[in-house]
Structures are given as C-alpha cells and as structure tokens.
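Please open the structure in your viewer and keep the selection panel at hand.

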4 protein chains.
Amino acid sequence: MVDERARLEVRTLGESRIDSPLAALLRTGRTTQHYVDESDRVLLDDTVSLVAARGVPVDELPGFEPGGPRRKIFFDPSKTRVGIVTCGGLCPGLNDVIRALVLELTNHYGVRRIFGFRNGYQGMTARYGRSVVDLDADVVAGINEYGGTILGTSRGNQDPDEIVDCLEQLSVNVLFVIGGDGSMRGALKIAEVVAERGRRIAVVGVPKTIDNDIPYIERSFGFQTAFAKATEAIRAAHVEATAFPNGIGLVQLMGRHSGFIACYAALANNDADYVLIPEVPFSLDGPGGFLAHLRARVVDRGHAMIVVAEGAGQELFDAASSLDASGNVRLQDFGRYLRHRIAEDFAAAGVEANLKYIDPSYTIRSVPANPYDSVYCIRLAHAAVHAAMAGRTEMVVGRWRGRFVHVPISLAISSRNLVDPDGDLWLSVLEATGQPPVFA
Amino acid sequence: MVDERARLEVRTLGESRIDSPLAALLRTGRTTQHYVDESDRVLLDDTVSLVAARGVPVDELPGFEPGGPRRKIFFDPSKTRVGIVTCGGLCPGLNDVIRALVLELTNHYGVRRIFGFRNGYQGMTARYGRSVVDLDADVVAGINEYGGTILGTSRGNQDPDEIVDCLEQLSVNVLFVIGGDGSMRGALKIAEVVAERGRRIAVVGVPKTIDNDIPYIERSFGFQTAFAKATEAIRAAHVEATAFPNGIGLVQLMGRHSGFIACYAALANNDADYVLIPEVPFSLDGPGGFLAHLRARVVDRGHAMIVVAEGAGQELFDAASSLDASGNVRLQDFGRYLRHRIAEDFAAAGVEANLKYIDPSYTIRSVPANPYDSVYCIRLAHAAVHAAMAGRTEMVVGRWRGRFVHVPISLAISSRNLVDPDGDLWLSVLEATGQPPVFA
Amino acid sequence: MVDERARLEVRTLGESRIDSPLAALLRTGRTTQHYVDESDRVLLDDTVSLVAARGVPVDELPGFEPGGPRRKIFFDPSKTRVGIVTCGGLCPGLNDVIRALVLELTNHYGVRRIFGFRNGYQGMTARYGRSVVDLDADVVAGINEYGGTILGTSRGNQDPDEIVDCLEQLSVNVLFVIGGDGSMRGALKIAEVVAERGRRIAVVGVPKTIDNDIPYIERSFGFQTAFAKATEAIRAAHVEATAFPNGIGLVQLMGRHSGFIACYAALANNDADYVLIPEVPFSLDGPGGFLAHLRARVVDRGHAMIVVAEGAGQELFDAASSLDASGNVRLQDFGRYLRHRIAEDFAAAGVEANLKYIDPSYTIRSVPANPYDSVYCIRLAHAAVHAAMAGRTEMVVGRWRGRFVHVPISLAISSRNLVDPDGDLWLSVLEATGQPPVFA
Amino acid sequence: MVDERARLEVRTLGESRIDSPLAALLRTGRTTQHYVDESDRVLLDDTVSLVAARGVPVDELPGFEPGGPRRKIFFDPSKTRVGIVTCGGLCPGLNDVIRALVLELTNHYGVRRIFGFRNGYQGMTARYGRSVVDLDADVVAGINEYGGTILGTSRGNQDPDEIVDCLEQLSVNVLFVIGGDGSMRGALKIAEVVAERGRRIAVVGVPKTIDNDIPYIERSFGFQTAFAKATEAIRAAHVEATAFPNGIGLVQLMGRHSGFIACYAALANNDADYVLIPEVPFSLDGPGGFLAHLRARVVDRGHAMIVVAEGAGQELFDAASSLDASGNVRLQDFGRYLRHRIAEDFAAAGVEANLKYIDPSYTIRSVPANPYDSVYCIRLAHAAVHAAMAGRTEMVVGRWRGRFVHVPISLAISSRNLVDPDGDLWLSVLEATGQPPVFA
C-alpha cells in the first residue's frame, strides 16, 4: 500500500517560500479557500468496497495531490522564464491551452518572458534551426478560435540532452509540454537530464490524446469536440448507405488502442449498426463472424452502417498482412482492410453492395475546440500553471472524479485508458446498435 | 453517521426475483461484470481529509447505490406498463431521454406498453382532457434531432391523488418523471400517495435543470448544449459592443439560483469583462460599485461586455422594486433592471452609451442536444430504466464522481448545486474576465 | 427613353489613360476578354414584352454599365491614396468587403496607402477625434472570420464639408463607403462637395442593407447569412409554441420597409403559419382580421407560429400609438405591439395563450458571413475597386440579372427593393404558410 | 434566328382549358398578376451588344418561356396521378424538392395521388421489384431536415419502354424526374416513348447537379450548400498544412467537367494557394509547371494549400495512366494522382513534405440543404408543378437572370455550364490565390 501511495506522489523541486501573487485576487474578505490544502489527497478509489479491500486505515488511503493555486509558490515570477511546446498530431484545443497558459502566467503570476518552441521538440533542437516565438497576451488573442497550434508541431522525440542545452541557454525555468504519451516519455527523459544536471527546471505536461486513452485524465481535452465532429461522418455515410440499394456505410475513426471516439460517436447519432473497437476482439470469417452477419443484415434490411476504430481487429489484420506477400502496402489500416474484405465477401456471395468509406481523420483533428473543451482547456492550463509555479515537476495535469490532480508522468504513461468491455459504456453501445456481443 | 448513510439509501418496492432479460446480451462468455454489485456504494466523499473527518471504519463510509443493470429485477417486463411525462421549461435533450427510455424498455427489457402523458402533469389529470400517446420505437425514431419534447410540457404540479388515479386506471407500474426540482416535489407526493394506497408503482425521476442547479448530478443533461449556445449571444453582443462608440453588451442568461451557465459561457468565449451571478453578492452603487467600475472601463477602453445570470443581484433588485412604486411591472428580471440602471448612470454622468441587450432564453432552451448531451441522455435513461425495473422508487438518477448513482428524491430536492465562490470555477472566471473579486 | 438611359449612366472623373496593372495577370496568351467592353450595357429589361414596349431600336435600349476590370485606368496606383468607411448598423460581410478592397488594391493595383476611418462618418469629422487606421494585408488577415466591422461604425451622417476637408488633408483620391441608403445620401453629398471644389476624388459605394431593400442589387451582401440565421429564431419559437398548451411563437425579424428576410426565413424552415410584412397591409381586428384567425387556429390546432417584419402593420400601429396617450413609449415596434394585442385578445376571449416572443436582431446582424456571402463580398469589392480605379464616382456597385454593374447613387436611393405582393416569392409564402391572402 | 427561338420553345401536351385552383389563393381583390403572361419571353441575351448583334426586331428576340402559375391548366387535378423519381448521386436539397412538389400538388392543386418510385429508374422497372411509396403531406413532413432522398436513388438509366409501361399501369399523368444530365437523357427517351404511344403524360425535370454544370439554371440546387461544406475540408487541410514542417494540404472537390465548387470554396475561405480546374489546362512538369512552382513555394513559405476539382488535368492524367501499364487501377482520380506526383517530386528533390489529402465527397453530398437552398428548392419545385399542370413536357425548370423559366430537355443536355477562364469568377480566383495564370 505504501508503494501505491508513493507511485501517486509528484516530485517537487523544493520548498515553496514565495507569496503567491494570486493572493490579491483571492483576498476577498470572505475566505481564502481558493487555496489548496497541500497535504490532502483526492481518493484513488471510488467505492466503499475498493476502499475496504485495501485494509488500511482511512488516513492512509492512496490519492492524488489536488491541483489548484498554492498560498506559497516556488518560482519567483519576476525571474521565471517559461517555454511551451506542442508535440504530435493535432487535437482540438491546443491553441486554447497555449493561450490559457500564457494569460495565466502573464496576468496573474506576472511572468514576463514566455517562449514558444516551433514544431514540437524540433524547435528545441539546434540543428533544425527553428526560430523561437515570444508569447504574450497580444500574440495569443483569439487563437482559440482556430484549430491546430500556432506553434506548429512535429512527430517524434529528440535528444533530451540537446533539449536541456536549449532550456539552459534560454534560462528557461519551466517547460510546459502539450503532447501525447510518446511526447510524455520524451518529457520524462528531459526531466531526468535536468535532474542529472542538478537544474531547477520544472517539466509539466498537459496530456493530449484525441483518443482519450491516457489514464487519470477522465476526458482528455478535445475529445468531446472530436467525437461530436465524428458524428457528421457517420451521418454522411448513413445517408449514403440508405439511399442506394444494398448500401453500406463504413466510417473509420481515430483510436489506435481505445475505441472511445467510436463508441461515443456511434451513441450520439445512433445511426450505427456495428461498432468495432480494439478492446473487443471479433472474427470476420465463419458463420458467426462479422461478414456473415453483415451480409445477412444487408440482404434483410437493404443497408448497414459500420463504425470502426482504426486500431480494431489488429490481430486479424496482421495475420492477413503477413499472408499477403506483395500487396500489404495498401493494408495500412483496418478500415481499408475491412472495405476490401466486405467487397470480396459480397462479390463471392453474388450480392450487390454499394459501399461508401469515409475516414474523416484530419477534418476532426483540425477543428477548433467546442465551448465545453474550451473551458476545459482553460482550467487544465490554469492547473498546470499553478503546479509548475509551485515547483512541481515530472508530472502531468490530470482529472480524477471531477477534481484536477497532479499525476506523475511515470504513472500517466504506465497504462492506457480503455473502453471496459464489461462496463456501462460498451453495454450502451451494444444496446444502441443491437449488434451481438460476440462475433465468433 | 448512520443518519447520513440512511439519507443516501433509496427505497425499493420489494425483492428482485426475476432474471433480467439483459442476461442474454451480457452473457458474453467472458464475464458478467456488467452487473452491478448491489451492496457496494459509490463514496460520497472525495478526499482523504473528508473521509478521515468522519471518524468511522472504512466499510461504514457513506455512499450512493450505484446505477446499472441488475442480475435480478423486480418487475416482470411482459406485464409492466410504463408512463413517461416531461414537466416544466424546455431543456436540450428531453427527446433524447424519452427516446432512450422507450428503446431500452422495448428492445432490452421487452416492455410492450409505454404511455406518454401530454403537457406535463396536466396530461395525467382528467379535467384537462389530454389524450395519451402510445410510445414505441417507431414513434421515437429520430426525435432526438429536434429540440423540445414530443410529449409537450406545462408548468406547475397537479393533484397527486388524481395523478395516481390515472396511473391505476391505466395499470401503470412505472412512472418516469423528467423534470426540475418543482416537478420532483410533485413526483415525491405522487410516490407518497402510491405508498399510502399500497400500490407497487415505481416513481423514478430524470432530473432536468438547464441551470445545473440540482445536486448529486455532476452536470445536468442539456447543460453543455445550453452554455455552448449561450456563447453565441455573448459573441453577438460583444461584436455589437466593439463596433459602436462606447458600446456595452449586456447578455442575460438562465440561472435563477446558480450561475453555472453564465460562468461556463463566459469562460468559453472569453469576450466577457464582467460576470454577475447569484452566488456572489455585489453593489451597483458607490465608488467601489459595479456601475462606477463599468463607466470607468467604458471611458477608458471604449466598450465593455457584461454577462449576468437572471437570478443575480436579487437583493438590490427587490429593494429597487419596492422603491419604484409605479413602474415595477417592467422590472421583471435583473437584466432589464441593470440595463435601466446603466442607462441612467451613464446619462447622469453625461457619458454616451450604446447598450445592446440580449436575452436569448428561448433560443437556448429549444435547441437539440449536442452530441455529448445526446450520449449522456442515453446513459442517464438507461440507468433510470435499470433502476425502475429493479423496483427502485422515490429516486432520481444522479451522477457522482463519474458514476451513475441512485439518489433519493428527498435528498435531491434538499439543497442546490451552486457555484462555489471559493472554488476553482469562479477563480477561473475572475482570472478570465479580470474583474475585481468584490464590488463594494 | 433618352432620359432613362441618362439616369443609368455613371459619372467619370476623366479619361482613363493608364495601363491597368492587372494586364500582367490577364495576359494569358489565350485571351484578354477579362476586360470589360466599356461601351456595352447590361439590359435593364428582362422580357421581350418590356423591351418591345419601349419602342426604341435595339441599340438604344437602356442598360447599366458593366462592372469589371478595365484595360486603362484613371488613377495612377502608385500615387493613389484610398479611404474606407463603414456606416450604420452591422451586417454580415462588412469585414469581408473591407478585406477584399484592401487585398485587391494592394496586391493587384499596387496601391500603397489605405486609410480606414473609425466609427463611420464620425471618423472623418475632426471633432470626434477618432484615429485613422492604416490598412494593409496583415491588418485584414482573417478578419472575415469575425462578424461586425474592424473599423467600427456609427449611425447618421456628418457635415460633408468637414468630411471633404478630411479627405483633402490626407490626400485621399478614392473613398469607399460601405453603408445603407442613408449613408449613400451622405456619400452623394460628399461627392457633390468634391465636385464643387473641383477635386478628383472618386466616391464609390458598396450598398449594405441587411433587409435587401436597395434596388438594382439583386441580393445585398449578408442577406443570405441573415435569413439563414433568422430561421434559428423561428425554429426556437416553434419548438416552444408546440411544447406548451396553446403555444404561440412570435418572431420579429428585420425589415423596416421590405419583408424579404421574413419571407425567406419563413420559407426556409417552414414552421411559420403566418408571415406579416410591410408590403402587404392587413387588419388585426374584425371577423376577417388577423387576431380572429389566429385565435381560431390556436383553439383548433393547439399552437401557431407568427413571423413579422419589424415594419409590418405600421398604419395600425401608428393609429394605436396615437390612441394610447400614456403608454406609447413601450410600443416601439410592431412585434411588441402585436404581442400585446394578442395577449389582450386571448384574455378577452378567455382563451389561454402561452406566447413566446423572440426578437433576434443583434444575434443576426453580428454573425460572420456564410461562405456564399463571403464570395459575394469579395466579388462586389473587386468590382468596386475596378470601378474606382477607372475613375467612376457617385456610384454604387450593383448586381443586375447575374452581372456586376455600376449604378448611380442617385438611382440607388430613388426607390426601394420590395417584396412584390403579386410575385412568385409572396405566392410561395402564401402556399407555404397556408395563410389567407387577405386579413380584412 | 427563328431556329434559336424554336430551340428555346417547350412542348405542350395540349390546350389549357381548366381553371387553375390557385385562383382562390390569388384572388386578392388587388390584382391577378401572379399569373404569368404566357406569350411573353425572358430574354436569352443580357447585353445591348448581344441583342444588337442578332439583327432582328425587338419582338423577335429569343427568350425562354417564363415559369409560374397559369390561369388555365391542362390537367384536371382531381384525376391527375403523379410520379416522382430521384436519380443519380446525392445532392443537398433532394428531400426539399420532393416535399415541395408533394405539398404544392396536394395543398394547392388538390392532386390526390402521388407515387414515389424507389431507387431511381430501378423503381419504375418491374424486374427490380421495388415497392412504390404513396406520398402525402404526412410522409414528407420534416424530410427537408435530412440529407439524401427518402425515395432512394440509383445510377444509370433503364429501358424507357418498361418505364412507360409502369407509368401506364399506374395511370400516371405527370412524371417529375429529379436528376442530372444522364438522367435527363433518360427522361427525354421516356417522353419520346410517351409521344410514340400517343399518351398525355407530362415529363418535367428538376435539374440536379452538385457541380453546377447544367446550363440555363444559374445555380443548381444544393450548390451553395455543397461549396459551403467544402470550405470545411479546405480549412482542415490548411490547418494541418500550416502545423507541420513543409506541410501541404491537398483537397479534391467534386467537379468532373466544371470547377465551380473548387472556385467558390477556395474564394470563400481564402486558404487556398492553388486551384486547379478542368476548364484551365496546366502542366505539372517542367520549370514553369505546377510541381516546380509548388516546391519553390513550400521551400520558401513552409507550406502550401491546393484545391483541385476531380476532373482537373484529365489530359495529363490519362497520359500518365496509359504509361502506367499495371497500376492504373489506383489512379482513379486526379487528386490521388497528384498526391502521388507531389510525393515523387519532393522525394526526387530531397525536400521533406508532409502532405495531407482530403476527399470529402460523401460528407458534402449527403448534408441537408442550407436555408438558401431550401428556399430555392421550394421555388424550383413550385415552378415545376405549375409547368406540369399546364401541360408542359420534355422540359426542365431553369433559372435565367433571376427568373424561373422553362427549358427544353434537349437544350439543357446540349451543353455544359463551365467556369469561364476569361470571366470574373476565375479572375477573382487568380486574385485570391495569387497563383500564376498559366503553368506551362
């Protein structure tokens, strides 16, 4: 049990001794409860049975450090220099996070120098020669109304030593990394180099995952915007499928490891007859397989609508790829593979099929955040700034049971958030689609 | 402590002895964990300090009964007759809830007879002569794409005895009430009459509050849709305010008791310079009052944008009304009152003002649910059906720290969900608007 | 006939002798037909009968000068200084027009100095002390994605002599006025003062009228965006009206003199049962009057939806105002008056009514242009620039039977574009609503 | 000249002798000018020079028969049976047209029997065994809010003899065909068989072409909705292109023969740097070719955005296909071909490229009509009903210079509406993109 409590603890660069400039804002005459009680913890467990199963006294229950403003902070704002970098694929809300970081640092903590690194970690690596952007309130005004990221992005990590060289050269004390699990692994390495060199540079992450597959962040920013946008593709494919004889709509959505977008989008507009996700294995072939079921349905009802997460059926897909010696370049994703298999199957059975395939990936990733996600990004960014100014490092901002919390990077990258095949979300999907629980 | 645990317990009509028809869907060969463990509880408290403060053993911590499907149910679906009624003002998602109730009851539990009562409790009261609608999958197909409620609604409660007469006459075993706190008070009285008469009729509520002011339901259905739509009014007023000399935008949003919509909408598009909500008192007059601050800002910056919740400043407002002997009919709401006061104040100071006032109420209440709320309505409705079929009564479906739970009606109407003036939401609003924490 | 041809002719400041810089763009090797043949005219009449009725030879038929680029231009771009001003109420597309004027002048004609005057004609009148904005490609980047006008606006004209003083002081050669008929009267006076002083300053208007009531411009910019947005208010009111017992939705839309927005919006979503516009008189009272018809419908059908243009029924309304000695301050517009009259009428008849009134004015005026209007604004602005650079003055850009044309300001303000009560638009409205052709 | 006038004349089944039931609606006491003067014509030519060039007297100028209601009609509504069929690919507005046809026929002409044929001409051909739908006001209520067509569709024509057999069997007097140029060729053949058999069956088309490439219909229904939706794909690709190093956005839009959608969409959001359409030939290779220009731009600016119509560069494309003996199956469209060529070109030059390709086809075709298109569809359908009831046949409804007109099918399929490479639309595209007029 001690181990679990330890795994949830976040590293701190040192003692917080400086009065927080937010005091002025919070000194309302009524209360000072805006401030977080640093010794408290947000419970990891959510039911009596889970708590009881731990067999420890109540005050030893494991929990996360709560997010929020501290009475005392670690960094002197007037001498603090901050860096911000966005990494990996696009996700709605990146600009909202950048903007809220900058405004909070500037307006409320009084930080005067904020650097934006261009094109992800490339912008922190000398040989790419990317210029650095000075970020202030004017530069970030209105950027939240645009998708993408004003800083640009790139895929992949870079040498952490070169990155820390860059931070030292610019005298950066706080680095905010907005990125996915790969980028967080990179951030952890950066923090490790920082520690080796004995520097006091906080590395704080804002987890970005359009797939909602990072743990301890109930719903990742941009996720609601993404699945809402995805419903449009399902609607489009459904309209096509029902218009033509034996119409089949096939929409592939994001989700390499987890099918949240597919599940939520399918539930939201309820046009889907089948949802296939990585968490629930299935067979394509055989009398109980997906293809036979689909064909029977199309013959019976005249149309069908299928939603797949891109990571679904990888086991089948890999097998098929290995069988297909020459043409496997084409089988880059499950959606295309399934399209091919459906066409083959219907042709073999002599049944007409009008299949329309939509992969809306970029049109989802690039939209601006919806109002919910905008608010969420602001609040995530505020929590990240409060944490960093208080000297927390090697952590990401999380959200646990409705509370902003601090999560060690090591914990955040140690597992994935997955759709529970035995939970109520998947049950709702089964109920909404009417598909059988198993294709086998 | 025993008391608190008791307050959280939900009434049950009797023992559940019938095998749930969902077993077929859930018997996946892998697991049966879709089923809820009925003896477990979702923790009421969320931090170690709160739990510790209770001073009770771990297994006596108070918590809510979790929602979800039960292995055994109370009502025999083939003999169950269900009634559905929607009450009070419109809210995005009403049709989603109706539809999901009907589909879940029909497709998964096999219930064959579902009555829709028209125009709220009027439809259950003989003298109004409203016809009853037979609800089935065909009737509810696609209704979620429309705002409003296909059943119609009305305000106010009706005689609970007449309503129970109606239920008995139609042999209704389960009544779903979708309505606000007033309607839930009505539902409680209905359940009491049912109990007095010794009938086995389950009364289960789905709490509807566009203001998000019902407790134990983290975010009420339609709330996200509502504040997203509200941002459009703020944007419109802001565009007008910045276009004309000394332009002032004033938008009044829903929120009689709590300012959630005003706070979220203001955060989401960030055009607001002032947010006034019922939870945070303020003065209009005097050197530190709102009007002086506003005037100084307009003179300095050329424009200003104000968002008010309709219930803000009631204390000032009532006082003013009583002073104004003749004209108080016009002062129906705070927005109009404030408009009047601003005009007076600027006129008295000889400062030009171009004030544009928008009260978008109906255009927000009447829109269809957005994809997030659609999914949420489906899942709320599923939880309500599972609860009712398992014989729960005098309860509403709640959501507590990410879990669907059962909440006694008596508890749900005993308090309100309010914006915490010392919590991180209001802090974010203060940070985003830059307004002073106190007008006094 | 000669008179009519003369009325259609546009004034020119002098002979065009300078080679157009667009030549480079247009010298495609294939053709030079991008250039307009200046002596040609776009026919005023559209049917054989109208043409025949003129009784003149074919080559004497009246027509408008076509818009478009000229081979030779009047102003030397390198020495040309341009002013832009936006006047009157907001309308979708103002920023699109500003942006397209600036880009066309800069990128294609090579004009180096463009002034934006703030807050309408106030910005050209010394005593208001408004600063002048330098407009270039950077300033206008992305402004089309926002409603309103980056230059600000104001209502009313200012002293034309002071305005021409301002133009001379800044050495402005070309003034673009984006405004309605009132502002065009102001522009005409400016042009007259310019002529009196013997200056060579072109005054070219881009007609702005959200009501679509300016003649010779088939559809004014922003009109499509406006009526599309207006359908949302009708939908909202309709949802409310059908949800409550005896629900009545009443939406007042823009249209002081002409009911185009009301007609198009009502046709587009088809929820309206009644459309009342200024062009078609009607009675409220009496057995054949509107109120009796409405009441009969509500009693019969349970609800009704009414769309009114703000200028409808002015005759009744004025009469009523004069009768109402004390309370006439409240009767500022027809919508509120009608709401009052309906409430009275139902109350007098003892019939319950749940009336929901929506006046969405600002939320319509302030939205960004939709894609159609964006394109249209660009093309209008291009035509305006071509005309001005070719030395045309005292004109507005028009669109006549699918062609951009030059229209003398005097002609553009001499009449209004009205809904023809005997034309196919109103017929379609009568068919769509099912309302009787006459309330009398 | 006589020939041209003859080509514009529409066939009539016989003399109109029956009083139009619309008389009641139109008898306003004021006027009866709603009725069309049947002998008048809407001028074909639009400029004085074109008219003069004809060298004929004014009353012999060629023109189209105007659309609209007639005082006398040919078919007795009480005995008229109508068929409606939708053919070919989806287009926004199909349901609007179906609905408006049904409501106009039912409510205003009093037609009692309307058949909907399923899945295009397949539904009129016995061997497909498609059922026939009875269409009335209830069936079409609200269908305009959905994309697609409630009747379904299919591609290709069917045997006209079988189709006329079907019409005779059901005693259909009027057939409305909503389809593209291919389907209109089919409709013409149906009308010819009808004529051969001496039947009095009117065949009236409502031209459907999302590409806007049918002549004499200024803007085809659904076109505005389509290009507005297309701007979203361009925006998405642009956001991606500007986020990644050397990002290239490539969007392929509809337009086999004409580039209207590409031009309007590119103008509307102004993110495009290149627009390639079928009407303007270009070279890919060589120092003045597109690829070299693109590469130079990407190296210089870091990103580029390309919009292509699917029919662009067919000459290059065909040549390439013929060269590529084995793999030409993949080169189905220009967009994919261009993607391949860009990748090759950048690779050969050793320049990194992050290309994102979007082909939003189905997501555009399947959306509901926007408000403008909804109104337009209603008015087109009304004109089609008026024409058919007056006995017109072998015609489509057109729109010429702002007037609804009757166009013989033979004329409508004899040419295409194309973007004029020397007209002001293409000029505006060149101005907006800044691309060179020629790639050679």
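Begin by selecting the contact between chain A and chain D, which takes 24 residues from chain A and 24 residues from chain D; two residues are in contact if their C-beta atoms, placed from the backbone, lie within 7 Å. This is a predicted model, in which local features need pLDDT of at least 70 and side-chain atom pairs count only at pLDDT 80 or more, while totals for chains, interfaces and linings use all residues. Residues are numbered from 1 along each chain as its sequence is written, and chains are lettered from A and ligands numbered from 1 in the order in which they are written.

Next, select helix H8 (223-243), strand S14 (354-358) and helix H13 (361-365) of chain A: each supplies at least two residues of the side that touches chain D. Helices (H or I, at least four residues) and strands (E, at least two) are DSSP runs, numbered from the N terminus. H8(A) gives the largest share of this side, eight residues.

Now display chains A and D together. A rotation of 180° with 0.0 Å of shift along its axis superposes chain A on chain D (RMSD 0.0 Å), by least squares on the C-alpha atoms of residues with pLDDT of at least 70 in both. That is the relation of a two-fold axis. In chain A, the C-alpha nearest the axis belongs to A:Pro360, 4.0 Å from it.

Finally, turn to the contact between chains A and B, with 55 residues from chain B and 56 residues from chain A. On the side of chain B that touches chain A, the largest share, seven residues, comes from H14(B).
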